Amino acid sequence: MPVRDSSSFHADESLAVAMLRLNDDQIVRSRDPAVLEKADIVVDVGGEYVPEKNRFDHHQRGFTETFSANYDIKLSSAGLIYKHFGRDVVAALISMDVSDPRVEIVYQKVYEDFVLAFDGIDNGVPKYPAEVKPKYRDATNASARVSRLNPWWNEPATNYQERFMKAVDMVGAEFAERVRYVGLSWLPARSIVETALDERTAIDASGKIVLFKQFCPWKEHLHTLENEKGIPDEQKPVYVIYEDDVGKSWRVQAVAVAPDSFESRKALPEPWRGVRDQALSDLTGIPGGVFVHASGFIGGNATKEGALEMAKKALVM
């Protein structure tokens, strides 16, 4: 049984218990050493971190455990449980064998995108320097929502266990949704991007153009895979081509210098920008012109061949 103290509860132990996926009657909230001694798993209380004994507290003096050498934020109870049991939980949620290498990719991604925030908030790690005054307060994050499930200071006697289980259910559902998204949507997109990146010289010998046979979210994956594969700057793609399913035309999009940047590695030529339809076809000499955005980050053509020709021509302009 996981055991947490019997006072107010927080987001980190709520997520920790949710990941262990136990029933209500298996959870005891206590600080009593005699109760802790009998517990199968002790979470967020007890003053010791001994994985081989299933003791997972992080409050004791001298605790410095992080998820890996890539992180400097200490683990909360959420991070501890995820570090030790997360691979099995992830594998079960996306119906893969835990030995499948894709499980490791999802496991790492879910920590970075979801669990890390629980660790950071519980340890009081600010997202930005203290001297920067935020323009608004965020009371919508999981930690804030779990906190509001605790009884008010002036509220009549309340069943803490019932409230705690609401918190467990809430963050557990969000965690499961995030794992499934990463495993069943984000990960397949990575595979599509990797295949297109590896085959790009068959599209154009320069290696500067990537053609996606199927559209998917590609920006983050492209930059990550470039780094993983050690592609030199001079060999990195500058344009991607994909079909726009809504407009039933093809897009030429300039790759940004970073996934969240508005600056392109090489924007489409300035004379094309803001030009549309037949005027664009006349200007480029390529039939089927649809548009080029005023900033040059994206353009379109009625056909795949036309979009590819636009990208090739833009490379040398």
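User: Leaving aside its neighbours within four places in sequence, which residues is Tyr82 in contact with?

Analyst: Happy to start there. Contact means heavy atoms within 4.5 Å. By that rule Tyr82 touches Met19, Phe67, Arg87, Val90, Val106, Tyr107, Val110, Tyr111, Val115 and Phe175, with sequence neighbours within four places left aside. Keep in mind that this is a predicted model, where local features need pLDDT of at least 70, side-chain atom pairs count only at pLDDT 80 or more, and totals for chains, interfaces and linings use all residues. Residues are numbered from 1 along each chain as its sequence is written, and side-chain values use heavy atoms, with hydrogens and water left out.

User: Is Asp12 buried or exposed?

Analyst: Asp12 is buried, because its relative accessible area is 2%. Asp12 sits in helix α1 (residues 11–20). Beyond its neighbours within four places in sequence, its contacts are Asp44, His58, Ser76, Ser77, Ala78, Phe118 and Asp122.

User: How many salt bridges are there in the whole structure?

Analyst: Side chains of opposite charge can pair when their charged atoms come close. The cut-off for a salt bridge is a side-chain nitrogen of Lys or Arg within 4 Å of a carboxyl oxygen of Asp or Glu. A search of the whole structure finds 15. One of them joins Glu226 and Arg265, at 2.6 Å from N to O. Glu226 lies in helix α8 and Arg265 in the loop between β8 (249–254) and α9 (277–284), so this pair ties together parts 39 residues apart in sequence. Glu226 is buried at 1% relative accessibility, whereas Arg265 is partly exposed at 25%. Asp244 and Arg251 also pair, at 2.8 Å from N to O, and both are buried. Lys109, Asp113 and Glu220 are linked in a network of salt bridges.

User: What is the volume of the largest pocket, and what lines it?

Analyst: On a 1 Å grid over the protein atoms alone, a pocket is an open set of points where a 1.4 Å probe fits, with protein on both sides within 12 Å along at least five of seven lines; lining residues have an atom within 4 Å of a point. The largest pocket holds about 830 Å³ of space. Of its 25 lining residues, Ala117, Ile121, Lys127, Asp138 and Asn141 are the closest to its centre. Helix α4 gives the most to this lining, with 7 residues.

User: What is the volume of the second largest pocket?

Analyst: About 250 Å³. Its lining includes Lys109 and Glu220, which also belong to the salt-bridge network with Asp113.

How values were computed
Points joined across faces, edges and corners; volume = space filled by probe spheres on them. Helix = DSSP H or I, 4+ residues; strand = E, 2+ residues; numbered from the N terminus. Buried < 20%, exposed > 50% of the residue type's maximum accessible area, 1.4 Å probe, protein only.
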